[in-house]
Number of protein chains: 2
Amino acid sequence: MTASILKDAERYLKTSSKWVSGEGTAEDITSDDLFATTELMFLAYLGTLEDTALQLKEVGLGRIHHRLLYVAVKKPGKSVGDILTFLRVTNQNIHRPLGDLVKLGYVEQRTSVTDRRKRELHATPKGVEMFEFLVQRQYDRFRGVYDTVGPESLKEFWKVLWCILDQHDRDWLLKEQQPES
Amino acid sequence: MTASILKDAERYLKTSSKWVSGEGTAEDITSDDLFATTELMFLAYLGTLEDTALQLKEVGLGRIHHRLLYVAVKKPGKSVGDILTFLRVTNQNIHRPLGDLVKLGYVEQRTSVTDRRKRELHATPKGVEMFEFLVQRQYDRFRGVYDTVGPESLKEFWKVLWCILDQHDRDWLLKEQQPES
DNA sequence: CAATTAATGTCAATAAACTTGATATACTAT
DNA sequence: ATAGTATATCAAGTTTATTGACATTAATTG
């Protein structure tokens, strides 16, 4: 099963790219070489989105709720303004979902001690729990993948994804986590 | 520049995963290991989406137009029903954008010879041109990435993406292209 | 301290997108 | 002939996204 998936991958790669099979130099990157990344990322992302869509519907939350929880859980202490640019959400669209999360007891807003205009977001234990619930099926998918491809491939995978990011996203990810107050 | 990006990637990986650095067995995959994939894919996909958003706005088309063009250009001869399930678009939502593309001369609908109920989608030369225009900036991004990471990493990258896909998407991608009639 | 700027939050109008359900036509299969 | 399939349209209702104006609080500047 596992082996046949990897064999299928080879078949796909062969028809999609001359470049990775060493039949061309870097200058010969074709439109097909480039499109393979577009196509695979599109479908892989759709799949992982659907994983969480089921859980989100179950608890009556939406994508913006999910993204906000992500930041509150994994990057605690970020200000609303930081999040607006990071999550590409507009000022007007963030407040309803954010209010929901606060009301439901998943997220706390604390006034920053260094700049009392800013509100820092922190997930509550209940919020952490909810986040883990939402990504359940996504994690199941990834666990299967990790077992299939092994740590070395995974490392290359992450490296390439890292390179695809915008510089400002790389900066954001490398920023030290704010200490929990 | 290129080297520093890869160094940053190593830094990110170190804080995100015990597993890939060989400090744990497959049974020890942590929530952080799994979340790294979620996070990187989310941001990478957002970035590539924004690349095409600019071009789409310029020509007054939307995401569904883009997806339909993708199939018409890269998988010519697919029926409307195939596309509905593949692109996760509903019957009611496909027809307006599809009609637009036909009116604009980017896509042709041909009645299938084997089943005259089915309409097969084919991109016109003008449609192919438009598609290439839309993905311009995305391709620029990827070209830079390919140059940075090299063909071997890219191959591993594609392999992992392939494993993330749903089985029915893998099947779809391996299906022989319908011959152009 | 007064004036300005920044960060957050609210209100409202319009537009765009998605959902649901009903319905019609052309064609295939039995 | 009948039943089922693939495509297409119409419409109502809901949700989201977009735009612009504006209020509040706090930091900053002069």
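Let me begin with one residue pair: Ser79(A) sits across from Glu120(A), a residue of β3(A). What I am showing is a predicted model, in which local features need pLDDT of at least 70, side-chain atom pairs count only at pLDDT 80 or more, and totals for chains, interfaces and linings use all residues. Residues are numbered from 1 along each chain as its sequence is written, while chains are lettered from A and ligands numbered from 1 in the order in which they are written.

That pair belongs to a sheet. β1(A) and β3 of chain A, residues 119-123, are joined in the antiparallel sense by two bridges. Strands here are DSSP runs of E of at least two residues, helices are runs of H or I of at least four residues, and both are numbered from the N terminus; two strands pair if DSSP finds at least two bridges between them. The sheet in chain A is open, has three strands in the order β1-β3-β2, and is antiparallel in its pairing. Its edge strands are β1 (78-79) and β2 (107-111), each of which pairs on one side only.

By class, the surface near DNA strand C holds two nonpolar, 11 polar and six charged residues. In this scheme Ala, Val, Leu, Ile, Met, Phe, Trp, Tyr, Cys and Pro count as nonpolar, Asp, Glu, Lys and Arg as charged, and the others, Gly among them, as polar.

Turning to DNA strand D, 19 residues surround it, and the closest are Gln92(A), Arg116(A), Ser79(B), Val80(B) and Gly81(B). Here α5 of chain A and both α4 and α5 of chain B give two or more residues. α5(B) gives the most to this surface, with four residues.

Between α4 and α5 of chain A lies a loop that contains Arg88(A). Phi of Arg88(A) is near 55°, a positive value in a residue other than glycine. Why is Arg88(A) classed as partly exposed? Because 13 other C-beta atoms lie within 10 Å; the class falls between buried, at 20 or more such atoms, and exposed, at 12 or fewer, with C-beta atoms placed from the backbone.

Next, the contact between the chains, which takes 57 residues from chain A and 57 residues from chain B. Contact requires C-beta atoms, placed from the backbone, within 7 Å. On the side of chain A that touches chain B, α1 (2-16), α2 (31-59), α6 (125-164) and α7 (167-174) each supply at least two residues. α6(A) gives the most, with 24 residues. This side of chain A divides into 36 nonpolar, eight polar and 13 charged residues.

Finally, confidence. Where pLDDT is low, the predicted coordinates should not be read in detail.

Key: Contact = placed C-beta atoms within 7 Å. Near = placed C-beta within 6 Å.
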